[in-house]
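Visitor: I would like to learn how to read a structure like this one, feature by feature. Could you take me through it?

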Amino acid sequence: MKLFYSNNSPYARKIRILIDEKKVPVTLEKVVLADKNCTIHEYNPLAKVPILVINDISIFDSPVIAEYIDYKSGPLYLIPSDFDKKILVKRWEAIADGLCDASVAIMLEKRRPISQQNTDVFEKQMRKIKLSLQRLNEEIEDKEYYLEDTFSYADIAVGCALGYVKLRYPEIDFKSEYLNLYHLHEELMKRQSFQETAPEPYL
Ligand SMILES: N[C@@H](CCC(=O)N[C@@H](CS)C(=O)NCC(=O)O)C(=O)O
């Protein structure tokens, strides 16, 4: 199996961490999305990473890849098989991915010429970011991890979103505004899988 990823993609980071935690043999292939010679559209018509290539089929997007990898490679399962618990994990992933979507939308808007930038976009997306952080901060309560205080894919998804938001908005003071998330991120960053995939500020 081969995974196409780009360096700072929070969606691809979820999969890189899952692969690492579960010790799944996957070849990692880094791509540069801005490179004109990048051929990932041959594997995903949406030309987005991550993409998992298994023999002659390619799988995307990240929630689908995560399901595939977790289901196919035990015995450590990070997405519960119990339906209700699984829906909780997927719901936390949805908030986490939405946080990343909102952060990316602001970044793309900032890349437009200043005269064409729309302040409504900043406000609308920043509201999503703040409400999502607030909700995630409340829902972990005083537990170490989201689902029954046991490390799961929900923590991977939220941890990657936090890493991305911290990268793009270093001015957000997690310790004073979202203390539970601050602790979660500190805890996750002790894991080798999180350290080795940490986003790089200059990219
Ligand atoms: N929902 C997708 C989002 C993937 C995504 O947007 N990836 C970005 C990299 S962070 C990308 O490939 N962007 C290229 C593009 O939109 O053309 C997933 O979870 O995999």
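Predicted model: local features only at pLDDT ≥ 70, side-chain atom pairs only at ≥ 80, totals over all residues.

Visitor: How do I read the interface? What area is buried between domain 1 and domain 2?

Guide: Look at the area and at the atoms that supply it. Here about 1,400 Å² is buried between the two domains, and carbon and sulfur atoms give 57% of that. On the side of domain 1, Tyr-11, Arg-13 and Lys-14 lose the most area to domain 2, together 37% of what that side buries.

Visitor: And the polar part? How many salt bridges cross the interface of domain 1 and domain 2?

Guide: The rule finds five salt bridges across that interface, along with eight residue pairs in polar contact.

Visitor: What caps the N-terminal end of H4, and what follows H4?

Guide: For a cap, look for a side chain that reaches a backbone nitrogen at the start of the helix. Asn-118 does this for H4, with a side-chain oxygen 2.8 Å from the backbone nitrogen of Asp-120. After H4 comes Glu-141, whose phi is positive, near 55°.

Visitor: Which residues of H4 are buried, and what covers them?

Guide: The buried residues of H4 are Phe-122, Gln-125, Ile-129, Ser-132, Leu-133, Leu-136, Asn-137 and Glu-139. Their cover includes helices H3 (83-110), H5 (153-168), H6 (174-177) and H7 (179-188).

Visitor: Can we see that packing from the other side? Where is Ile-106 placed, and is Ile-106 buried or exposed?

Guide: Ile-106 is in helix H3. Ile-106 counts as buried because its relative accessibility is 2%, where the cut-off for buried is under 20%. Leaving out residues up to four places away in sequence, Ile-106 touches Phe-122, Gln-125, Met-126, Ile-129 and Tyr-169. The C-alpha atoms of Ile-106 and Val-121 are separated by 7.0 Å, while these residues are 15 apart along the chain.

Visitor: What about a polar residue in a loop? What does the side chain of Asn-8 reach?

Guide: Asn-8 sits in the loop between strand E1 (2-5) and H1. At 11% relative accessibility, Asn-8 counts as buried. Its side chain reaches the backbone oxygen of Glu-200 at 2.8 Å.

Visitor: Back to charges. How many salt bridges does the rule count?

Guide: The count comes to 15 salt bridges. In each case, ask where the partners lie and how exposed they are. Lys-2 and Glu-29 meet at 3.0 Å, N to O. Lys-2 lies in strand E1 and Glu-29 in strand E2 (residues 27-30), so this pair ties together parts that are 27 residues apart in sequence. Lys-2 is partly exposed at 28%, and Glu-29 is partly exposed at 31%.

Visitor: Which residue forms a salt bridge with Glu-148?

Guide: Lys-85 does, with the closest N and O atoms 3.4 Å apart. The pair links distant parts of the chain: Glu-148 in the loop between H4 and H5, and Lys-85 in helix H3, 63 residues apart. Glu-148 is exposed at 54%, whereas Lys-85 is partly exposed at 30%.

Visitor: Which residues do salt bridges with shared partners join into one network?

Guide: Start from one pair and follow its partners. Glu-93 and Lys-90 form a salt bridge, their closest N and O atoms 3.3 Å apart. Both lie in helix H3, three residues apart, about one turn of the helix. Glu-93 is buried at 2%, and Lys-90 counts as buried at 19%. Shared partners join Lys-14, Glu-67, Lys-86, Lys-90, Glu-93 and Asp-97 into one network. Within it, the side chains of Lys-90 and Glu-67 meet at 3.5 Å, N to O.

Technical notes. Residues numbered from 1 in each chain as written. Heavy atoms only, no water. Buried < 20%, exposed > 50% of the residue type's maximum accessible area, 1.4 Å probe, protein only. Helix = DSSP H or I, 4+ residues; strand = E, 2+ residues; numbered from the N terminus. Contact = heavy atoms within 4.5 Å. Polar contact = N/O pair within 3.5 Å; in protein donor to acceptor, adjacent residues only side chain to side chain. Buried area = accessible area lost by both parts, 1.4 Å probe. Salt bridge = Lys/Arg side-chain N within 4 Å of Asp/Glu carboxyl O.
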